Structures are given as C-alpha cells and as structure tokens.
Amino acid sequence: MKELKRLGEADYKEAVALSQFAFQYRLSEEEQEKKIEEFRKQTVFGHKIEGKLAAKLHIFPFTCYINGKTFDVGGICSVATWPEYRRQGSIRALMQQALQHMREVGQTVSYLHPFSVAFYRKFGWELAFTNRYYTIPINHLKRDWAGNGFIRRIEVDIPLLHAIYTDYAKKYNGMLGRDDNWWERRVLKDPSQIAVAYNEAGEPGGYIIYDVKDQIMTVKEMVSNSLNEWKLLYQFIANHDSMAEKVTITVAENDPLPFLLDEPRFEQKNVPYCMARIVDALAFLKKYPYQMKEATTSESIILRVEDEFLPENEGIYELKAENGIMNVCKLAEMQEDRGIRCSIQSLTAMLLGYKRPLSLYELGLISGDIAEIEQLEKLIPGKQTYLIDFF
C-alpha cells in the first residue's frame with residue numbers, strides 16, 4: 001500500500017534517519033532533537049510504502065524581495081529517497097503534492113538548491129541565481145579606497161545587522177526576508193568576527209561577517225548599502241594583510257570589484273546556485289511590480305504559458321495597462337493567434353530578472369511577435385538576482 005501524507009511528530013525520527021543516510025552525516029541525540037525542532041517550522045511530506053517511509057521532502061516558509069516587493073516563497077529542501085524505493089515515482093508524487101500545498105497557502109514562487117539542474121527542470125524549476133566566487137591575493141586590495149567614515153567590530157547585534165541587510169536585500173531580486181530565528185540558527189550559528197561600516201555621520205550602512213585562519217580570510221557575508229560603505233569594508237579587508245595572504249568572498253553576479261582594481265586578474269568563478277519556479281502563474285502575474293512608466297501602449301500583452309507538470313498554470317494570460325495599473329486576467333480562449341509563447345521555466349527566469357525576454361527570444365526559448373516581446377522587456381525591471389542564503 002502506498003500513502004502520500006504530511007508527516008507529523010510520530011514520523012520525524014524516521015525522517016531524520018533518512019536525511020542522515022541520504023546526505024551522509026551523523027547527528028547526536030541532542031542534534032537530532034534540534035533537527036526535529038526545525039521540522040516543526042516546516043511542512044514535511046512523505047511517501048510511505050507498506051507503512052515505511054520511502055521518500056520525503058521539506059518546505060521552508062520564506063519571503064523574498066522581487067523589485068522591492070515581498071512575495072511568499074516555498075523553499076524545497078531535504079528531498080531524499082531510500083535506495084530500494086528509487087525510480088518508483090515517489091519524488092514526482094511528492095513534488096506535485098508540494099506544489100499543490102504551496103498554491104493553497106499562497107506561496108506563489110518556490111526555490112530549491114539542485115543536486116541536478118536537469119532533474120528539477122522536469123518539474124518546472126529553472127536556474128534563477130548565479131553567484132560569483134572570488135579568491136583574491138590580499139595585496140591586490142591594498143590601495144587608498146577613499147571611504148569616508150569608520151569600521152567598528154561588534155558583538156552579535158541582530159536588530160542592527162537585520163536593518164542593514166533588509167535595505168541591501170531590496171536592491172536585488174530574490175533575496176530572502178530573514179527573521180531572528182534565521183539569523184540565530186543559520187547566519188550566526190558559528191562564532192565569527194563581525195564588523196560594521198559607519199559613514200561620517202555615524203550611520204551604519206554595511207557589515208562583514210568573517211574568519212581568519214591559516215592565512216586565509218574567509219568572508220561569510222558582506223553587505224553594503226552605498227559605495228562609501230563598500231569602500232570602507234574593502235579597506236578593512238585589506239588591513240588584514242599582516243595575518244592573511246588571500247581572501248575568499250561570495251558576491252553578486254554583476255559585482256564591479258575587478259573593474260576598480262589595478263590588478264583584476266585573480267580567481268573568479270561564476271557558479272549556478274539556486275533554482276526557482278512560479279507556483280501560481282495568475283497570482284504571481286497579478287502581484288508582480290511592473291515598470292508602469294514603460295507601459296507606453298494601450299495594446300495588451302498576451303502570454304501563452306506552458307506548464308506540463310502543473311497544468312493549472314497553463315493558459316492564456318492578458319496583461320493590459322490602464323490608468324497606471326496593470327490588469328491581469330486569464331482568458332478562457334482567444335481567437336487571435338498572437339502572444340508570447342513561453343514555458344513556466346522561461347516565465348520564471350524573465351520575471352525574476354535572471355534572463356531578459358529578448359535574450360530568451362534570441363535563444364529560441366520564447367517565441368512571438370518581436371514588438372510584443374520588446375514591450376514586455378520594458379515592463380520588467382532590470383534588477384540583478386542574488387541569493388546569499390542556503391537552506
């Protein structure tokens with residue numbers, strides 16, 4: 001007998017055992033209890049066969065910022081199957097159940113960190129975040145950065161860090177909204193050095209969380225809300241030259257640092273990081289913050305969306321600007337054979353800002369009238385996607 005169900009307290013130890021096997025780690029009794037405490041904040045679905053847990057997945061409830069607006073996110077993680085139950089459709093059934101649940105609770109977009117991009121593309125997810133990784137000889141950073149203000153190392157101060165982070169997060173598409181629990185259990189779980197950048201008026205505008213060990217300065221997170229604080233933080237990093245030979249740091253894909261250095265030739269890697277998926281196309285399109293000042297035509301835009309895995313999203317969507325407001329509706333049918341044809345994956349990549357409509361058109365991933373695609377291009381803000389967190 002097969003059963004797809006939401007797991008509860010009675011199932012959590014079995015779920016912990018599967019996680020330990022699948023992801024190859026071992027937890028003490030105390031650590032298992034902490035893991036179960038995390039489960040209580042998540043939605044966990046399991047596929048049982050003959051009463052035994054065969055596979056499972058977890059959904060973290062998040063929020064994210066898209067063009068400065070808050071969206072509810074379902075973060076899928078800890079997807080695992082016992083080897084004897086693999087390739088029997090368990091994960092497919094769990095993914096369908098997860099998507100239906102997310103639609104019901106209003107999570108219009110979903111994230112996941114893939115073990116295989118191709119595997120999750122089958123279910124409608126698409127790459128949405130690429131991070132850049134630097135390994136920089138610290139001498140490359142020795143210059144007059146001309147920042148005005150000062151840096152102070154601090155003890156843990158979540159309200160201060162959170163205020164700086166939130167302003168920073170809204171500058172990108174896709175960054176998570178954090179709460180105190182996330183700061184404590186994820187961002188600040190390990191002891192680290194913390195320093196805050198202040199401008200000349202004594203106002204905080206950036207911070208760095210880092211460690212120095214074995215002549216390597218590892219920057220775990222660096223956030224700045226102006227060029228001035230950004231320069232102050234790099235001057236601070238350079239001042240560690242007596243104890244570190246190089247620095248490692250993760251930055252956004254469009255980070256400008258190499259352009260400002262005298263010697264920009266150092267190790268730089270762009271690595272696809274996280275995938276995303278629109279869960280409820282109509283709700284997402286209605287809430288999406290378009291660039292309304294660019295809505296220069298009274299002609300509506302038609303989107304013909306394909307979503308084989310979640311057919312509820314398939315259909316014809318009309319976007320029509322009226323009096324500074326974008327009205328979105330799903331049409332039952334349309335006699336005119338016009339519109340932009342796109343998969344749910346391409347729609348996600350476009351609206352999050354990971355790829356532009358014209359780029360996808362040139363790649364043959366969307367099709368339609370070029371004038372209509374150019375109009376859609378204008379309506380989508382040009383913010384960079386970026387995600388610091390892992391779950």
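In helix α10, the residues Ile344, Gln345, Ser346, Leu347, Thr348, Ala349, Met350, Leu351 and Leu352 are buried, where buried denotes under 20% relative accessible area, exposed over 50%, and partly exposed in between, with a 1.4 Å probe and protein chains only. The helix, which spans residues 344-352, is thus mostly covered, with 9 of its 9 residues buried, and α10 is followed by Gly353, whose phi is positive, near 95°. Helices (H or I, at least four residues) and strands (E, at least two) are DSSP runs, numbered from the N terminus. The model is predicted, and local features were therefore required to have pLDDT of at least 70 and side-chain atom pairs pLDDT 80 or more, whereas totals for chains, interfaces and linings use all residues. Residues are numbered from 1 along each chain as its sequence is written, and side-chain values use heavy atoms, with hydrogens and water left out.

The nonpolar interior was examined next. A nonpolar core is a set of buried Ala, Val, Leu, Ile, Met, Phe, Trp, Tyr and Cys residues joined through side-chain atoms within 4.5 Å. The largest such core has 66 residues, of which Tyr111, Tyr207, Phe284, Leu303 and Leu347 touch the most other members. The largest share of this core, 7 residues, comes from α5. A second, separate core of 27 residues includes Met217, Leu233, Tyr234 and Ile249. Leaving aside neighbours within four places in sequence, Tyr207 is in contact (heavy atoms within 4.5 Å) with a set of residues including Leu161, Ile164, Tyr165, Arg178, Trp183 and Leu233.

Helix α5 (residues 158-169) has 12 residues and reaches 15 Å from its first C-alpha to its last, close to the 16 Å expected at 1.5 Å a residue, the expected span being 1.5 Å times one less than the number of residues. Buried residues in α5 are Ile158, Leu160, Leu161, Ile164, Tyr165, Thr166, Tyr168 and Ala169.

Aromatic pairs were assigned for rings of Phe, Tyr and Trp (its six-membered ring) whose centres lie within 6.5 Å, with planes under 30 degrees apart counted as stacked, over 60 as edge-to-face and the rest as tilted. The count by this rule comes to 27 aromatic pairs. In one of them, the rings of Tyr120 and Phe123 have centres 6.4 Å apart and planes at 65°, so the pair is edge-to-face, and both Tyr120 and Phe123 are buried. An edge-to-face pair is also formed by Trp230 and Tyr234, at 5.1 Å centre to centre and with 70° between the planes. Both Trp230 and Tyr234 lie in helix α7 (residues 227-238), 4 residues apart, about one turn of the helix. Trp230 is buried at a relative accessible area of 9%, and Tyr234 is likewise buried at 1% relative accessibility.

A search of the whole structure finds 21 salt bridges, each defined by a side-chain nitrogen of Lys or Arg within 4 Å of a carboxyl oxygen of Asp or Glu. Glu14 forms a salt bridge with Lys48, with the closest N and O atoms 3.9 Å apart. This pair links distant parts of the chain, Glu14 being in helix α1 (residues 12-23) and Lys48 in strand β2 (residues 43-49), 34 residues apart. Glu14 counts as partly exposed at 30% relative accessibility, whereas Lys48 is buried, with a relative accessible area of 11%. Lys5, Asp11, Glu14 and Lys48 are linked in a network of salt bridges.

The side chains of Asp280 and Arg103 meet in a salt bridge at 4.0 Å, N to O. Asp280 lies in the loop between β13 (267-278) and α9 (281-287) and Arg103 in helix α3 (residues 90-105), so the pair ties together parts that are 177 residues apart in sequence. At 17% relative accessibility Asp280 counts as buried, while Arg103 is partly exposed at 22%.
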